Amino acid sequence: MRPQDAELTKLLNESFVPVRLVNMKDVDLNFFQFDYDLTFAVLMMNANGYVYSRFGSMDGTHTTDRMSVEGLKHAMRAVRSTHPTRVKAVPPLRLPPTTLNDLPAFAQSKQAGEACYHCHFVGAFRFKQLRVENKFTKAMVHQFPLPENIGITLDVDKNNLVKAVTPESPADQAGVRTGDVLVNAIAPGQVGALNLYTAADLQFALNEVADPGFVLLHVLRAKERITVSLKLPSGWRKHDVSWRSSQATFAPTVGVWGMALSAEEKRARGIAADRMAVKVTFFFNGPEWVASRGALQLNDVIVGINGETLPSMTIRQFHSHFRLNFNVGDTVTLNVLRGDRKLDLPVPCTKAGDGEV
Amino acid sequence: MCKGVRPSLLAGLPLLLAFAVGLADRRAQSQDFPVAWRTDFASAREEAKAQRKPLFVVFR
C-alpha cells in the first residue's frame, strides 16, 4: 500500500505509528474489533488499545463511494488532535484474548492449516460456529448497519458531518438535521460512549443496537451539543449484505453464476429497466450442484421468483436474496426467459455449498 | 514500412510506449511518498508508547 498523497504519507509517518497487518493468524480478535468482511479496514488507537476511530465502509454496489482519501485524512487529523488528551485511556471493556483458532469450527477447518488467515474468515467462521451451536439466525447477517439505515447520509470527505437526513426516518423524527456533526453514540448495553469520527464508527456503534431498538446520539449544531434519541423500528437493520463473505457460507444456493442484463438488453426483451433480469452464464462445478439448479440452462434469464418480479439486482444480490428468503427443503419456482419462451422452473433448495468458506 | 512487421503491431507501439511511461511515472510518484509500515504490532505498540503517538493499524 503506497498512498500517492503527500499529506496522507506525512500524517502516517509523522503523526502515527503506521502498522500493516495482512494475516489474522494469532491476532487477538477482542483487541482488534472491526467489520471483518471489509477488504480495507483501519483502526486508530492508542498504545493501550483504546480505539479512537475506525475507517472503512462498503455496500452492495462494490464501489469505494463510501470512502475517500480526504475522509481518511479528516479522521486522522481528528485523532491526532484528540490523542494528547487520551494518551493513557484504556478500552472501556477488556475482554480476554481470543484468536480464530479458539473457534472450534475454524480449528477443525482446512483453512486452519493455511499460512495466511484472511480477515473474512472471522465473520464466516463465527457464523459457522453459531450454526453448530444452533444459535444462528439469518437476521444476524445484517451486521454493521449503514448510516442510511437510520436515515443519515454522511459526507464522504468530512465523515461525521450529516449531509442529508431522510424525511420521516428515525433520525428525522429524533431531530437530526443536515449540517449536524456527530460526536458520539450510546447504545443500550454498551460500556461507555463510542466516538463518532467516521461512518465506520457509526456502523460499529449501530452494530450493538437491537432490532427493534434505540440509540442515543450526541451531535454538534452551531457549537451547541445536542442529544437525540432514535427509536429504531422492527427491521431497521436490514440492508444489502450481498457483498459480505460472511453471509455467503450457508445454503440454499442455486448452483449458477450470471450477469445482470444491461438497460438496453432489458429493453430489447421487454423487461422494465428497474426489474431483475439475471442471465445464467456459468454452472458451478461439481455433481453436488446439479440438483440445485433444476432445469436451468445457460443463457436463461431469471426474471422472477415464485411469480414475483423483483427490483434489479446483481447475481450476488440474487444469491443473497435466495439464501435469506428460502430454506433447505423448500422448492422455489424461478421465472425464466429462454429465448422468447416464458418458463416456470421449480428449483429444489439443497444443501450444496453449505458451510463452505 | 518495415518488412515482416504487421502494421497493427506498429500502430500499437505508441500505446505501449505511453503505458510504459505512465507506469514509470506512477512508480516514481509512489516512491516519493513511502510509508514506513511496521508489520510487528507488539514492537509498534512499544514505539507508540515511547513516542506518545497513536497507532494507525490497517488490515488489508
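A salt bridge is defined here as a side-chain nitrogen of Lys or Arg within 4 Å of a carboxyl oxygen of Asp or Glu. By this rule A:Glu148 forms a salt bridge with A:Arg66, and the closest N and O atoms are 3.2 Å apart. The model is predicted: local features need pLDDT of at least 70, side-chain atom pairs count only at pLDDT 80 or more, and totals for chains, interfaces and linings use all residues. Residues are numbered from 1 along each chain as its sequence is written, chains are lettered from A and ligands numbered from 1 in the order in which they are written, and side-chain values use heavy atoms, with hydrogens and water left out.

Chain A is assigned domain 1 (6-139), domain 2 (147-232) and domain 3 (251-348), the bounds coming from an automatic or database domain assignment. Taken over C-alpha atoms, the centres of domain 1 and domain 2 of chain A are separated by 21 Å. In domain 1 of chain A, 23 residues are in contact with 15 residues of domain 2 of chain A, where contact means heavy atoms within 4.5 Å. The area buried between domain 1 and domain 2 of chain A is about 1,500 Å², and carbon and sulfur atoms give 50% of this area. Buried area is the accessible area (1.4 Å probe) that two parts lose on being put together, summed over both. A:Arg54, A:Arg66 and A:His74 supply 33% of the area that domain 1 of chain A buries against domain 2 of chain A, more than any other three residues.

Between domain 1 and domain 2 of chain A the count is one salt bridge. There are also 12 residue pairs in polar contact (both at pLDDT 80 or more) between domain 1 and domain 2 of chain A. A polar contact is a pair of N or O atoms within 3.5 Å; within protein, one must be able to donate a hydrogen and the other to accept it, and residues adjacent in sequence count only if both atoms are side-chain atoms. On the side of domain 1 of chain A that touches domain 2 of chain A, the elements giving two or more residues are β3 (51-55) and α2 (69-86) of chain A. Helices (H or I, at least four residues) and strands (E, at least two) are DSSP runs, numbered from the N terminus. The largest share of that side, seven residues, comes from α2(A).

Four strands of chain A form an open sheet in the order β7-β6-β8-β9, with antiparallel pairing. Two strands pair if DSSP finds at least two bridges between them. β7 (194-195) and β9 (224-232) of chain A stand at the edges with a single partner strand each, so one side of each is left without a neighbour in the sheet. Strand β6 (residues 181-186) and strand β8 (residues 213-221) of chain A run antiparallel and are joined by five bridges. A:Val181 has A:Leu220 as its bridge partner in β8(A).

Between the chains, 26 residues of chain B are in contact with 39 residues of chain A. The area buried between chain B and chain A is about 3,400 Å², of which carbon and sulfur atoms give 64%. Strand β2 (residues 41-45) of chain A pairs with β1(B) in the antiparallel sense over five bridges, and the bridge partner of A:Val42 in β1(B) is B:Val58.
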